[in-house]
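Dear colleague,

Please find below the structure that I am handing over to you, followed by a summary of what was found in it.

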Amino acid sequence: MSQKTSSAPARRTEAIEPLGSKIAGVVAALLLVATGTLALPPSGTAATTGDFDGDGKADIAVFRPSAGTWFIIPSSDPFFPIAPQLGTFGDIPAPGDYDGDGKTDAAVFRPATGTWIVVPSSTPSAPIVRQWGSSEDIPVPGDYDGDGKTDIAVFRPSNGLWFVIPSGNPSRPIVQQWGMRGDVPVPGDYDGDGKTDIAVFRPSNGLWFVIPSGNPSRPIVQQWGMRGDVPVPGDYDGDKKTDVAIW
């Protein structure tokens, strides 16, 4: 597939940040892109989002690992916040609609044990616990099989492998090599077919590499960005396709 390539606008030269701040920023960016969650290391709290009440609008939410508590402001009833208990220090929030009922479920990935813990909104008294991943993996939940349910998935930075449990056929995991050390996972529905596509952003040269699920034999390669940029893919024009974007 022939792709038109463009270069991102030049960035202003700014003061050099302390190394610790840069590392924290990279970690936050990885979580923002992969899980829709923005980690804020200094406060120990993670800002996240999702349609937790199923009204078609994104709700403001935060996850507090120190207490294992989620604080959600449902857009349908903002005067009555929701505060479910799920998780512990070190967990990574990985919200998604795992039961396919149209509502975002509170969920966490526990790197220490590679365990996923999901509280399905349809049956909150019966949480889902699944071991999938290792301590180095990055959670990349998404609807990879297009059945309307979020699939448990991880990206392994050391070798660029993706491991997906498709909810439509969990006995047939998807294992895909796509990426290399240093790449940032940026899953999204880039071709608009209703399925999450495997994709990475390479900070060293600003290249995006996407495997469109509608035509996986024709990968998309797009240059957009430069070293230091943070990838922020999303459907900015409302055409049901994920757009390549940087911050």
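**The β3–β4 hairpin and its surroundings**

In the hairpin formed by β3 and β4, four residues lie between the strands, and G68 takes a positive phi near 65 degrees. Please note that this is a predicted model, in which local features need pLDDT of at least 70 and side-chain atom pairs count only at pLDDT 80 or more, while totals for chains, interfaces and linings use all residues. Residues are numbered from 1 along each chain as its sequence is written, and side-chain values use heavy atoms, with hydrogens and water left out.

Strands here are DSSP runs (E, at least two residues), numbered from the N terminus. β3 (residues 59-64) and β4 (residues 69-73) pair in the antiparallel sense over five bridges; pairing requires that DSSP finds at least two bridges between two strands. The bridge partner of F63 in β4 is W70. Buried means under 20% relative accessible area (1.4 Å probe, protein chains only), with exposed over 50% and partly exposed in between.

**Aromatic pairs**

Rings of Phe, Tyr and Trp (its six-membered ring) pair if their centres lie within 6.5 Å; planes under 30 degrees apart count as stacked, over 60 as edge-to-face and the rest as tilted. By this rule there are five aromatic pairs. The pair of F52 and W70 is edge-to-face, because the ring centres are 6.4 Å apart and the planes stand at 65 degrees. This pair links distant parts of the chain, 18 residues apart: F52 belongs to the loop between β2 (45-50) and β3, and W70 to strand β4. F52 is buried at a relative accessible area of 9%, and W70 is buried at 0%. A tilted pair is formed by F201 and W208, with 5.2 Å centre to centre and 55 degrees between the planes. F52, F63 and W70 form one aromatic cluster.

**Nonpolar cores**

A nonpolar core is a set of buried Ala, Val, Leu, Ile, Met, Phe, Trp, Tyr and Cys residues joined through side-chain atoms within 4.5 Å. The largest has 13 residues, of which V140, Y144, F155, W162, W178, I198 and V200 touch the most other members. Two or more residues each come from β10 (152-156), β11 (161-165), β14 (198-202) and β15 (207-211); β15 gives the most, with three. A second, separate core of twelve residues includes I92, A94, I152 and F163.

Yours sincerely
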